[in-house]
Amino acid sequence: MAFAELCITSNFTFLTGGSHPAEYARKAAELGLPALAVADRNSVAGIVRAHVELRDMARDARLETGTPARVPRLLPAARAETADGIAATLLPETRTAWGRLCRLLTRGRRRAPKGDCILRVRDLLDHGRGQQLLLHPPPWPGRLPAGWLRRARQLKDRFPDRLALVMAPRYDGRDRRRFAHLAELAALLRVPAAASAQPVMHNGRRRMLVDVLTCIREGIVIDDIGRRALANNERRMRSEADMLRLFIGHEDAVHRTAEIAGRCSFSLDDLKYEYPSEVSDGEAPQARLERLARAGLAARYPGGAPGDLQGTLERELALIGKLAYAPYFLTVHDVVAFARSRGILCQGRGSAANSVTCHVLGITPVDPAGETQMVFERFVSEARDQPPDIDVDFEHERREEVIQHIYRRYGRHRAGLCATVIHYRGKRAIREVGRAMGLSDDTVSSLASQFWGWGSMREVSAARVRELGLDPGERRLRLTLRLTAELVGFPRHLSQHVGGFVMTECRLDELVPIENAAMKDRTVICWDKDDIDALGILKVDVLALGMLTCIRKSFDLIRTHVGRPYSLETLPREDPAVYDMLCEGDSIGVFQVESRAQMSFLPRMKPRRFYDLVIQTAIVRPGPIQGGMVHPYLRRRRGAEQVVLPSSALADVLGRTLGVPLFQEQAMQIAIIGAGFSAEEADRLRRAMATFRRTGQVVLFRERFIAGMLKNGYDQDFAERCFSQINGFGEYGFPESHAASFARLVYASAWLKRRHPGIFACALLNSQPMGFYAPAQIVRDAREHGVQVRPVCINRSFWDNSMEPGDGSDLALRLGCRQVKSLDRECVDRIVGERGGGYRSVDDVWRRTHAQPSQLGALAAADAFACLGLTRREALWEVHAIRGAHPLPLFGQPGEAVREPAADLPDMSEGEHVVEDYSFLRLTLRKHPVSFLRPILSPDPRQAAHDCGRVPAGSASH
């Protein structure tokens, strides 16, 4: 006989459980339990974490001993709590029963707002077939709630051989009497009893943290927790021996748990994901993919495919067919085809760019015949045998059209966005724990502001705390810091992934529960990208990118005003003037290279061809910088340092980057070629490098990597430096394929800025919010590039910024009404629609459009009536004369304008105009604000910024 713990509450019952699912899994193995069930409240969000932990434990033990390891079996489960007072843990016996559990949770989640679940006993009766049900009794002592017994008997009648009553201790000195009462209740219901410790933590040391979580959940301080606190630290994982000591006289209830576990054969390994079949007009997916790919190759290269591209495509198609991934490629192809049919600009990136197939299908723009080196195994690997991961960026203003198309095509029962688990990080943890511990707001704010980057609070020294004027020896503060360290990394709640879509052939809601997102018309699953990746489930990333919106709007403006129908494919390639501009660091608004760090790096990098932009995109990142890759590359690029390749085997890997590893693909190849990593080990390294903001994973490979390099004849220093650089990718590093996709947009946006600066600035303004720079900086940069920018005008401006004939043959940029604060688009559309031949006065605008005086006031404050000969103050005076919502009887009917004599209003100074411009437009076309301060600066003159270029190098200057 044995004991299996079947009623575990993990920290995925948010702000309740005190341990991670993986911690429970390890503890169960330590205690020798044959099985465990993580059963969170109305959720299965955390069970994949326990599943992966047990799977890894088995794998590691097998590698060490060479024999299969005995690890506990995870029983997927959930604790269903109904609105009518019934709580039961459901353990599916089979894959079919798991599907019913998922549909049960989906029903409860879909009828409730995000984060909530509304279930009823009727739902359990409808979906409980094939489940082992563990019924949780009401608290004792106390009378049974009204109707509880009747509902419990309904479950007994529906599932006569699958219902048991949970018998759990409370460690309050009354457990013997409690067990006797529960045995009587079980006899009354004619069901057996099953024992559980009902742990809320894997180890008793987490008791304080559980109490703090209770305070955070209830919005109270620890001093007021009262009976809501745990009585002791006993609600933890227990061994069979512990349970037998607790349940003297009820040993059968302890051993019944193993019997129940034995009836449940379902494992998460049984989940077999099925791609949408994508059968079209009877044509099999592989045949359709091959037809489209070969047609795409012919269209891309009408003169014939260069090199061995045709052969590469055929090899890829053969591998795709062998792994049965054709439906996946067709799914992405059809999503991209829908976007392009609607004129939505999009392009694939990431590992998808390592594929000729994706390129010829039109998914990714990276030319495999170009300069970038493709590593198809980074995209699809037979050894890895996992589905590829394709990211596709769409215009950020129109991505929702694509998302809703996917929902319509597949149905909400077959498609859903992934979740993102929001974890506690240092700043939020210290705020919530500090308040729960009763620290003052000043103390909490001081801690949070000073220690904002904490990954772990264990790094805080007593000296650092003293610097804040706090006593590190004070007990409450010391406990706060300790508990915060424990809380960091805990899940706080579920959010939706930025765009990861799961689509299935059969019902998605029988694979994983689906719930409502906070955003209207969005539904999500409860597993995040790591969970579905661990289970081999397909995800297509439907992402938003503001620069695509800007580029598409630029193309539209060029077509309208210049008459040239440009696209990303038809832009002139390798324009020297574009590279000249970038070499000067003139990149405000240019995609990916507009940050101050990138702008300062451009003159040192001096990009002269497309592949330079690929490197530029990837090198100014935390990974390469912290890995010490930047300066060696620059020295070698300008010839100040000799390029030394460590071996002929690595020459092909590192030659293009002058012997310095800059990309994730290179790190993988170094691991395989230099350190002798297997395909599986290299893939695990890739995952560790891709785990942004979860640093520390790459270092686990250090010993294996260095030993492999030494074994293959590389010296210790080179091995150490290689690993140091690879370790930098754990912070954030680009794959080359990703950088190549982005570099294409770098070039496109730079070309637009260089050749059509006014149109590019207009499109940037119309695509806000995006990028690093505010509208004022974009406008100032455009004017410095010779663009004539005209103010907002009641008779010429539209909602969007627009282009109009300027002086001579150039176009002028007319600011749109979207730049005016507090202005409503509907009102502007009405003003534009009624404008006709133009407005003659403020009163004319009001009478023809019925605009609210507040909206007219915003336009007046933005100086939009200047074209009518009205100053800003005169326009505001006329707006205030309009009788709106609160008429006075003496002055006629509601909505009637007051006729008053012209007022003698004082003129505004230029400085006052600039202040008002920034107040209502967030920019000005007048003087720079600092120019008004120049006359009052110190008589000792300072060098003006625009004169610095004329100062001889090395000379002294004020």
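**Rings, charges and cavities**

Author: For that, NZ of Lys or CZ of Arg has to be within 6 Å of the ring centre and within 35 degrees of the ring normal. Keep in mind that this is a predicted model, where local features need pLDDT of at least 70, side-chain atom pairs count only at pLDDT 80 or more, and totals for chains, interfaces and linings use all residues. Residues are numbered from 1 along each chain as its sequence is written, and side-chain values use heavy atoms, with hydrogens and water left out.

Reader: Ok. And which ring does the charged end of Arg835 sit over?

Author: The ring of Phe798, with 5.1 Å to its centre.

Reader: How many aromatic pairs are there?

Author: There are 16. Rings of Phe, Tyr and Trp (its six-membered ring) pair if their centres lie within 6.5 Å; planes under 30 degrees apart are stacked, over 60 edge-to-face, and the rest tilted. Tyr273 and Tyr275 make an edge-to-face pair, because their planes are at 90°, with the ring centres 5.4 Å apart.

Reader: What about Phe772 and Tyr773?

Author: That pair is tilted, since the planes are at 45°; the centres are 6.5 Å apart. Phe772 is exposed at 58% relative accessible area, while Tyr773 is buried at 8%.

Reader: Switching topic: how many cavities of 30 Å³ or more does the structure hold?

Author: It holds 4. A cavity here is a set of points on a 1 Å grid over the protein atoms alone where a 1.4 Å probe fits but cannot get out, and lining residues have an atom within 4 Å of a point. Grid points are joined across faces, edges and corners, and a volume is the space filled by probe spheres set on the points.

Reader: What volume does the second largest cavity have?

Author: About 50 Å³, and the largest cavity has about 80 Å³.

Reader: Which residues line the largest cavity?

Author: Among them are Ile588, Lys753, Phe760, Asp781 and His785. Helix H33 (757-766) gives the largest share, 4 residues.

Technical notes. On a 1 Å grid over the protein atoms alone, a cavity is a set of points where a 1.4 Å probe fits but cannot get out, and a pocket is an open set with protein on both sides within 12 Å along at least five of seven lines; lining residues have an atom within 4 Å of a point. Helices (H or I, at least four residues) and strands (E, at least two) are DSSP runs, numbered from the N terminus. Buried means under 20% relative accessible area, exposed over 50%, partly exposed in between (1.4 Å probe, protein chains only).
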